Structures are given as C-alpha cells and as structure tokens.
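Dear colleague,

Please find below the structure that I am handing over to you. My notes on it come after the display.

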Amino acid sequence: MFGTSSTDYQPIQLYQLNQYGAQCRLLPVCEALRKNLYYYWILHIPPGSMSLPVIPDGATDLVLSPDIEDFSAIYLPVTDRFEIPLSGPICYVGVCMRTERLSWHFSLSIDEMECLQPGKETTDAFALTGLLKQVSKCRGDDAIRSTLDQHFLSHTKSGDSETAEKIFDRFINSLEPESLRTISRQLNVSERQLRRLSESALGLSPKKLHRVTRLQQVLSQFCSPEQTQRIDGFYDDAHLIREFKRLTGLTPGQLKKMAEIYNSSE
C-alpha cells in the first residue's frame with residue numbers, strides 16, 4: 001500500500017499522508033518472518049474525513065482496526081490507482097505481505113480472498129478474532145509489533161518451499177523488460193505454466209506484474225531526494241508519461257511535486 005521497489009518495500013507513498021495530517025509508522029517484522037512479510041504499519045487518522053490515494057504495488061495488505069469490533073480487510077495487488085475513504089479519529093494496523101507467500105499463512109485462494117467483504121466476513125475467514133482482541137489490548141507500537149510477530153509465527157507453515165514458490169521467488173527478483181518467453185526459459189518453465197502460476201498466485205498476469213514492478217522501481221528513484229535524471233525501463237519520455245498516468249492517475253511532474261513536499265518536510 002505504501003509502495004515498493006523490485007525487492008524491497010519502501011515508504012515512498014507516505015508523502016500523501018502528510019497532506020491530511022495522518023500519521024503512519026512502519027515497523028519491522030522479526031527475522032523469521034521476513035521471507036513472508038515485508039513490514040507492519042500503524043496508521044492514525046485524525047478527526048474528520050479524508051480520501052487516501054493508493055499507488056498500486058505488488059504486495060497484499062491485511063488491515064485490522066482495534067477501534068472497530070471484528071473489523072479486518074484484505075487488499076490484494078491491483079494495477080490501477082484507487083482511493084480509500086476514511087473517517088477519524090481511528091487507528092488501523094496493517095500487515096504488508098508478500099503476495100506470492102500468502103499460502104504460507106492462509107488456506108484460501110486468491111479468488112476466494114477477492115470475494116471477501118471487509119468486516120466480520122474477512123475476520124471469520126482468516127480466524128482473526130483472537131488477534132483483534134489481543135491488538136486492542138496493546139499499549140504502544142512495540143507491543144502491537146510483538147503481538148503480530150507471535151501470531152504470524154504460530155500461523156506460518158513449516159517445510160521447504162514448493163516448486164511454484166521457488167519459481168516466483170526467482171521470477172519476481174529477476175524481472176526485467178524482457179519477453180515472457182525469455183523469462184520462462186530462464187526459470188525452466190513453459191510460458192503457459194508461468195502465466196497460470198502468476199494469475200493463480202498473484203491475481204496478475206506476468207506482463208501486468210512486470211508493469212507494476214517496473215513502475216515501483218521508477219517510483220523508488222523518482223521520489224528519492226538523490227534521484228538521477230536517467231530512468232531506465234521505458235522506450236522514451238512519452239512511454240514513461242503514459243505508463244505513469246495509466247497506473248497512478250498522475251503525471252511524472254505531478255508525482256515529483258508531491259514527492260518534493262514530502263522530502264522537504266523531513
């Protein structure tokens with residue numbers, strides 16, 4: 001939800017929260033969970049209403065709220081920018097998860113997760129009632145982080161990765177602007193198998209996954225105070241602008257101005 005580069009998640013979207021007075025803190029997961037989770041986040045929304053713009057990325061966010069009984073929601077990867085209406089004061093606790101590793105925590109398929117309604121339906125499907133009660137009793141961010149670590153450690157499957165998991169670990173970490181055929185050969189699987197695995201595990205085709213990953217690589221450079229002038233992965237400036245607009249709803253110039261606001265406020 002807060003943006004990513006190719007192999008690491010970075011809070012490059014936090015500049016948007018600055019505009020609304022919201023406060024967000026990112027918390028690291030324990031070493032044993034880093035293969036499956038990226039980080040935890042705690043978001044405090046001030047009194048009033050706001051609409052939070054979300055830049056697409058390849059992660060899945062599990063969102064809880066200790067302020068609402070039985071509330072949880074799952075946000076799977078998308079390719080289009082969207083907004084989430086929020087009303088405060090309220091606190092949300094999120095778990096940024098590696099989408100390709102969801103089966104290590106949940107028995108539901110991607111298709112089944114997509115059909116879940118936020119609230120009790122999601123809470124029951126993921127058996128989160130106990131976790132919500134524990135989080136609501138926590139005092140301070142460190143206590144929340146410890147509670148989440150304990151929960152996900154106890155619900156993480158043990159054993160070696162399956163073939164599909166190994167394929168995606170390699171696939172996601174080696175994404176480059178090459179043809180699907182070339183990537184398939186590198187991973188020693190057929191194009192059809194790669195496409196099927198991608199859509200089944202992530203809900204995205206390899207092509208769409210590559211587009212989102214490439215955009216996040218660019219965003220990581222683009223929003224950095226030390227950004228370079230050259231941005232690779234696009235044919236020309238027109239291609240870059242079209243892709244930015246299609247996936248985020250913003251032009252590179254608009255995004256740069258927003259990033260400068262965030263960077264200057266640090």
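The model is predicted, so local features are reported only at pLDDT of at least 70 and side-chain atom pairs only at pLDDT 80 or more, whereas totals for chains, interfaces and linings use all residues. Residues are numbered from 1 along each chain as its sequence is written, and side-chain values use heavy atoms, with hydrogens and water left out.

I begin with the strands. Helices (H or I, at least four residues) and strands (E, at least two) are DSSP runs, numbered from the N terminus. Two strands are said to pair if DSSP finds at least two bridges between them. Strand 1 (residues 23–27) runs antiparallel to strand 2 and is joined to it by five bridges. Strand 2 also pairs with strand 5 in the antiparallel sense, over 15 bridges. H44 in strand 2 stands opposite Q23, and H44 also stands opposite C91 in strand 5.

I turn next to the interior. A nonpolar core is a set of buried Ala, Val, Leu, Ile, Met, Phe, Trp, Tyr and Cys residues joined through side-chain atoms within 4.5 Å; buried means under 20% relative accessible area, exposed over 50%, and partly exposed in between, with a 1.4 Å probe and protein chains only. The largest such core has 28 residues, of which Y40, L62, L148 and F152 touch the most other members. At least two residues of this core come from each of strand 2 (37–54), strand 3, strand 5, helix 2 (110–114), helix 4 and helix 5 (141–154). Strand 5 gives the most, with four residues. Apart from this core lies another, of 18 residues, including I45, L52, I90 and C96.

Contact means heavy atoms within 4.5 Å. Leaving aside residues up to four places away in sequence, Y40 touches, among others, L26, V29, V95, R145, L148 and F152.

Finally, the backbone has some points to check. Most residues other than glycine have a negative phi, and most peptide bonds are trans. The bond between G88 and P89 is cis, with omega of about 5°, and P89 lies in strand 5 (residues 82–98). D70 is not a glycine, yet has a positive phi of about 60°; D70 sits in the loop between strand 3 (59–64) and strand 4 (72–75). A127, also not a glycine, has a positive phi of about 55° and is found in the loop between helix 3 (120–125) and helix 4 (129–137). A127 counts as exposed because its relative accessibility is 54%.

With kind regards
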